[in-house]
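Subject: Structure handover and findings

Hello,

Here is the structure we talked about. Please load it first, then read the notes below it.

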Amino acid sequence: MFEPLGGWIDGRWITRTPHGTFDVRNPATGERLATLPVMADAETVAAIEAAERAWQIPAPLEARRAWLEGIRDRLLAHRETLARTITLENGKPLREARAEVEYAAGFFGFFATQLHRLEPETWPGPPPVTQWTVLHSPAGVVGLITPWNFPLAMLAKKFAAALAAGCAAVIKPALPTPLSAIALARLAEQSGVPPGRVNLLLGPPEPIGAVLCRHPAVRLISFTGSTAVGRRLLAATAPHVKRLALELGGHAPFLVFEDADLPAALDALIANKFRAGGQTCICTNRVYVHQSIAEPFLNALAHRVAQLRVGNGLDPQTDIGPLIHRAAFDKVAAHVRDALERGAQRLVGHDPPRPEHDWGAFYPPTVLSRVTTDMLVCREETFGPVVPVATFETEEDAIAAANNTPYGLAAYFFTRDPARARRCIARLRFGHIGWNTGSGPRPETPFGGMKQSGFGREGGWHGLLEFCEPQVVARAHG
Ligand code: NAD
């Protein structure tokens, strides 16, 4: 665990406030991991004002590079402690938590190599203007609001880009998982990031979110979370004409054509679907398999899924940890119940007892067949270890079913036919597409959604420019 346990405002650790405390608990066992101070309006304003002062002190690109590399190196040096922190607060298996630490470190390393993109560009102009200069100025104070499902990596994506761009950040992590964010703030401090360049606020989303939305110094809010909260942020920032980058919910389709490499498709599906117990935005939410191969595919899938073990993420045997809380359990259970009532068949899984508390929400991996488009599993993000499988007859039907959603984050398809792949890529309206793979994003490539999965991109040099304001200087000799 990284001490001290508190918020970080203007270079000071805040371990007490007048607003009381909240507990962080292990979602597998209910063990209390920490008791942290609740922050509210006054702390949020103090953090924003500190950030406003901090970003106006120019930070040369070399200084930013040193901060980014310092944080990357420290993340990797503390990999085991950080992985354990993630598993304790989020519940995911330790091996996934280790991968998350490496993924997070990758963003700091990558943006350290991209700073040259921020050098001014110059163009000659027709007189009387003799030179045009394009500056990539920092956006200024940025609010970073992150979810609990990748408590370190979702923050790393934003924070690394913000720091590289020369911004100052006010961070608000998710209520159940603040410990990874505390660790990251501590590593930033140790890496020489000056007071005020990064500030960390803890506690319930309101009133912190409301102040971030209305304070004039906050020029950009980068948010990862649900589409419902994204919509609220759009409404709350509209009167202030504030920039937003929204990484919202997904509802990923996974298409298996008749010419697919079935073992490869199954491997990819299992890895993609059950990462974080099915609680990732790019998780497959619905599978469409060509009817001619449905039977062998379902048999093999059921066999594989039945082997997966549910348990405490610290146990090396565990494949699937707990759901984050009881509300998540209730949603998954409701989706499965709805599918069964509408005629789906449960090939693997059973009805588990409802957890008595907000922890211990273990849900068994479940495979459903005979799934139809009217079922909740085909319409909404389930966010749990459930694989609903429907069949299709034609490529046209498969693509139409995949696109039949307001979401557009990730989609996957398996085919050996390059011509078909080109048609799928051209027609699937998703920001992230996997062809014969269920792989997620990388630091080097831009990731983000279409439609109601949001706008803006994280990762890649596109992700760096999200945190910049292009500023143009036209110069004439005078
Ligand atoms: P959530 O929307 O409930 O919360 C996300 C963050 O927003 C948390 O920090 C929360 O405290 C905060 N928040 C909640 N209400 C707020 C308000 N009124 N003002 C300001 N902040 C507020 O989402 P979650 O349950 O933490 O995460 C799961 C969701 O996130 C899923 O829908 C998932 O698909 C999505 N997600 C998307 C991506 C992506 O890259 N697109 C990545 C991970 C998760």
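A word on geometry first: axes are lines fitted to C-alpha atoms, for helices over the stretch in contact, and angles run from 0 to 180 degrees between N-to-C directions. Helices (H or I, at least four residues) and strands (E, at least two) are DSSP runs, numbered from the N terminus.

This is a predicted model, where local features need pLDDT of at least 70 and side-chain atom pairs count only at pLDDT 80 or more, while totals for chains, interfaces and linings use all residues. Residues are numbered from 1 along each chain as its sequence is written, and side-chain values use heavy atoms, with hydrogens and water left out.

Helix packing

Start with H1 (residues 41-55) and H7 (residues 205-214). Their axes come within 9 Å and cross at roughly 40 degrees. H1 and H7 are therefore oblique to each other (under 35 degrees is roughly parallel, over 145 roughly antiparallel, 65 to 115 roughly perpendicular, and the rest oblique). From H1, the contact (heavy atoms within 4.5 Å) uses Asp41, Thr44, Val45 and Ile48. From H7 come Pro207, Ile208, Val211, Leu212 and Arg214. By class, that gives 6 nonpolar, 1 polar and 2 charged residues. Here Ala, Val, Leu, Ile, Met, Phe, Trp, Tyr, Cys and Pro count as nonpolar, Asp, Glu, Lys and Arg as charged, and the others, Gly among them, as polar.

Next, H2 (residues 61-77) and H5 (residues 153-165). They pack at about 160 degrees, with axes 9 Å apart. H2 and H5 are therefore roughly antiparallel. Their crossing is right-handed. Arg64, Trp67, Leu68 and Ile71 of H2 meet Phe159, Ala160, Leu163, Ala164 and Ala165 of H5. The classes here are 8 nonpolar, no polar and 1 charged.

Then H3 (residues 79-90) and H4 (residues 94-112). The angle is about 120 degrees and the axes are 8 Å apart. So H3 is oblique to H4. H3 passes H4 in a right-handed crossing. H3 brings Arg79, Glu80, Leu82, Ala83, Arg84, Ile86 and Thr87. H4 brings Leu94, Ala97, Arg98, Glu100, Val101 and Glu102. This contact has 6 nonpolar, 1 polar and 6 charged residues.

Ligand site

There are 28 residues around the ligand (one heavy atom within 4 Å is enough to count as near). Thr146, Trp148, Ser226, Leu248 and Glu381 come nearest.

- Thr146: a backbone N or O atom, at 2.7 Å.
- Gly225: a backbone N or O atom, at 3.3 Å.
- Ser226: a side-chain N or O atom, at 2.6 Å.

Backbone points to check

Most residues other than glycine have a negative phi, and most peptide bonds are trans.

- Pro127 and Pro128 are joined by a cis peptide bond, omega about 10 degrees. Pro128 lies in the loop between strand S5 (121-124) and strand S6 (129-138).
- Glu206 to Pro207 is also cis, with omega near 10 degrees. Pro207 is found in H7, and Pro207 is one of the residues in the contact with H1.
- Asp10 has a positive phi, near 55 degrees. Asp10 lies in the loop between strand S1 (7-9) and strand S2 (12-14).

Best regards

Terms used. A crossing is left-handed if the near helix is turned anticlockwise from the far one by less than a right angle, and right-handed if clockwise. A polar contact is a pair of N or O atoms within 3.5 Å; within protein, one must be able to donate a hydrogen and the other to accept it, and residues adjacent in sequence count only if both atoms are side-chain atoms.
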